[in-house]
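Please look over the sequence and the structure before reading on.

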Amino acid sequence: MKTIFNRTTIRKYSNREVSDTLLKELLSKDELTPTMGNLQLYSVIATRNSEMKQKLEPTHFNQPMVENAAVV
């Protein structure tokens, strides 16, 4: 949680699995994070599926870390 509140950007991920409990906790905190211009308009899509990660990659400017992350 400290990472979220300190607004740190991570570009390298470990190969550890993300538990459903942790994912749900993180997603429940996402509404507390600031947005550009404080617009607060966003959607959250979470997937572990490799095919879906590839489909989402363009929305992340085709950055290679998208495919390597345990959850996107």
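Where in the chain is E57 found? E57 sits in the loop that runs between α3 (50-56) and α4 (65-68). The model is a predicted one, and the chain it shows has 72 residues. The points below begin with the overall form and then turn to individual residues.

**Overall form**

- The chain contains four helices and zero strands.
- Read from the N terminus, the order of its elements is α-α-α-α.
- Along the principal axes, the C-alpha atoms occupy a box of roughly 30 × 25 × 20 Å.
- Buried residues make up 14% of the 72 residues.
- When contacts between residues at least 6 apart in sequence are considered, 46% of them join residues at least 24 apart.

**Buried charged residues**

- E57 is buried and takes part in no salt bridge. Its nearest side chain of opposite charge belongs to K53, 10 Å away.
- Leaving aside residues up to four places away in sequence, E57 touches N62, Q63, P64, V66 and E67.
- K53 is located in helix α3. This residue is likewise buried without a salt bridge, and the nearest side chain of opposite charge to K53 is that of E17, at 7.8 Å.
- With residues up to four places away in sequence again left out, the contacts of K53 are T47, R48, V66, E67, A69, A70 and V72.
- V66 and E67 are among the residues touched by E57, and they are also among those touched by K53.

**Salt bridges**

- How many salt bridges does a search of the whole structure find? The search finds two.
- R48 counts as partly exposed because its relative accessibility is 35%. D20 also counts as partly exposed, because its relative accessibility is 48%.
- A salt bridge also joins the side chains of K55 and E51, with an N to O distance of 3.8 Å.
- K55 and E51 are four residues apart in helix α3, so about one helical turn separates them. Both of these residues are exposed.

**The loop between α3 and α4**

- The loop that holds E57 also contains F61 and N62.
- Most residues other than glycine have a negative phi.
- F61, by contrast, has a positive phi, near 55°. N62 also has a positive phi, near 55°.
- Is F61 buried or exposed? F61 counts as exposed, because its relative accessibility is 70%.
- N62 is one of the residues that E57 touches.

**Helix α2 and the surface**

- Helix α2 spans residues 20-29 and includes L22. With a relative accessible area of 37%, L22 is partly exposed.
- Which residues make the nonpolar surface patch of about 370 Å²? The patch is formed by M1, F5, L22 and L32.
- S28 is also placed in helix α2. Its relative accessible area is 40%, and S28 is therefore partly exposed.
- A polar atom of the S28 side chain lies 2.7 Å from the backbone oxygen of E25.
- S28 and E57 are separated by 29 residues in sequence. In space, the C-alpha to C-alpha distance between S28 and E57 is 23 Å.

- The chain is built of four helices with zero strands.
- E57 is buried with no salt bridge, and K53 is buried with no salt bridge as well.
- Two residues of the loop between α3 and α4, F61 and N62, deserve a look in the structure for their phi values, which are positive for F61 and for N62.

Note on methods:
Residues are numbered from 1 along each chain as its sequence is written. This is a predicted model: local features need pLDDT of at least 70, side-chain atom pairs count only at pLDDT 80 or more; totals for chains, interfaces and linings use all residues. Side-chain values use heavy atoms; hydrogens and water are left out. Buried means under 20% relative accessible area, exposed over 50%, partly exposed in between (1.4 Å probe, protein chains only). Lys and Arg count as positive and Asp and Glu as negative; His and the chain ends are not counted. A salt bridge is a side-chain nitrogen of Lys or Arg within 4 Å of a carboxyl oxygen of Asp or Glu. Contact means heavy atoms within 4.5 Å. Patches are made of residues with over 30% relative accessible area and no salt bridge: like charges are joined within 9 Å, nonpolar side chains (Val, Leu, Ile, Met, Phe, Trp, Tyr) within 5 Å. Accessible areas come from the Shrake-Rupley method with a 1.4 Å probe; for residues, only the protein chains shown count as cover. A polar contact is a pair of N or O atoms within 3.5 Å; within protein, one must be able to donate a hydrogen and the other to accept it, and residues adjacent in sequence count only if both atoms are side-chain atoms.
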